[in-house]
Amino acid sequence: MQTDPDAFFSVPHTFRIYARPWTESALPDDAALAELRSMGMQLLNEAKALEATSLMQLRQLGSDTKALVDYLKLQSRKVDMVLHYVLANDPHEGEPLAGLRFGGSGVTLRSPTAMADGSRHLLTLYIREELIALLCVAEVRHCVHEDDGFRVTLEFVAISDADTEQLVRASLSVQQKQLKLRKQQQEG
């Protein structure tokens, strides 16, 4: 579970997020968070964990396995895409909001209504481009009124280590894509 709000950087990126107030006094541990996940989200998380373990073992076999690793990555991506599509079309609890920024420590979102500083919310994040669907509890750090609603910054207070790792990898991937696009625009 994350405790340091400055432990990871965040990247600007749009994504879907659903939020509902967390009314429990205690924060959920990893097991309780796992119980809150839908069946589709559990399947996606298990598939990603199996993929990470398997690919790491294959990489240790040497350079002769590169083609096999690439093929298995492609197959895994196809499974992840199908599961993510199923999840995206499932009914969701909470208010649908627009995610603006994410990282391993928290998220920034746009909300039509204010969220009180210090309030806690159960969040479901869907980052389509990175095939991420996860559930966590976050606490509001800042809520600022803007022309089109409120810009809210939340810090994760209950999130599994595996989900934090997914967000860190995804933020690095998004940043790499943004830098590559910026370089292409400067050259073109």
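Contact here means heavy atoms within 4.5 Å. The model is predicted, so local features need pLDDT of at least 70 and side-chain atom pairs count only at pLDDT 80 or more, while totals for chains, interfaces and linings use all residues. Residues are numbered from 1 along each chain as its sequence is written, and side-chain values use heavy atoms, with hydrogens and water left out.

Cys136 lies in strand β5. Cys136 is buried, at a relative accessible area of 0%. Buried means under 20% relative accessible area, exposed means over 50%, and partly exposed falls in between (1.4 Å probe, protein chains only). Cys136 and Arg20 stand 116 residues apart in sequence, and their C-alpha atoms are 11 Å apart in space.

The chain contains four helices and six strands. Helices (H or I, at least four residues) and strands (E, at least two) are DSSP runs, numbered from the N terminus. Their order along the sequence is β-α-α-α-β-β-β-β-β-α.

The largest nonpolar core has 25 residues. Such a core is a set of buried Ala, Val, Leu, Ile, Met, Phe, Trp, Tyr and Cys residues joined through side-chain atoms within 4.5 Å. The residues with the most contacts inside this core are Ile17, Phe102, Val107, Leu123, Leu125, Phe156 and Leu167. At least two core residues come from each of β1 (10-21), β2 (95-103), β3 (106-111), β4, β5, β6 (149-158) and α4 (161-187). Strand β5 gives the most, with five residues. Leu123 touches Ile17, Tyr18, Ala19, Val107, Leu134, Leu135, Cys136 and Ala138, again leaving out residues up to four places away in sequence. A second, separate core has 14 residues, including Tyr18, Leu83, Leu87 and Ala158.

Two loop residues were examined next. Leu131 sits in the loop between β4 (120-127) and β5 (132-146). Most residues other than glycine have a negative phi. Leu131 has a positive phi of about 55°, although it is not a glycine. Leu131 is buried, with a relative accessible area of 4%. Gly104 is found in the loop between β2 and β3. Gly104 is also buried, at 0% relative accessible area. Gly104 and Gln166 are 62 residues apart in sequence but 8.1 Å apart in space, C-alpha to C-alpha.

Arg77 belongs to helix α3 (residues 66-89). Its relative accessibility is 40%, so Arg77 counts as partly exposed. Beyond its neighbours within four places in sequence, Arg77 is in contact with Glu129 and Leu131. The C-alpha atoms of Arg77 and Lys48 are separated by 9.3 Å, and the two residues are 29 apart along the chain.

For the chain as a whole, 41% of the 188 residues count as buried. Among contacts between residues at least 6 apart in sequence, 71% join residues at least 24 apart. The C-alpha atoms fill a box of roughly 55 × 45 × 35 Å along the principal axes.
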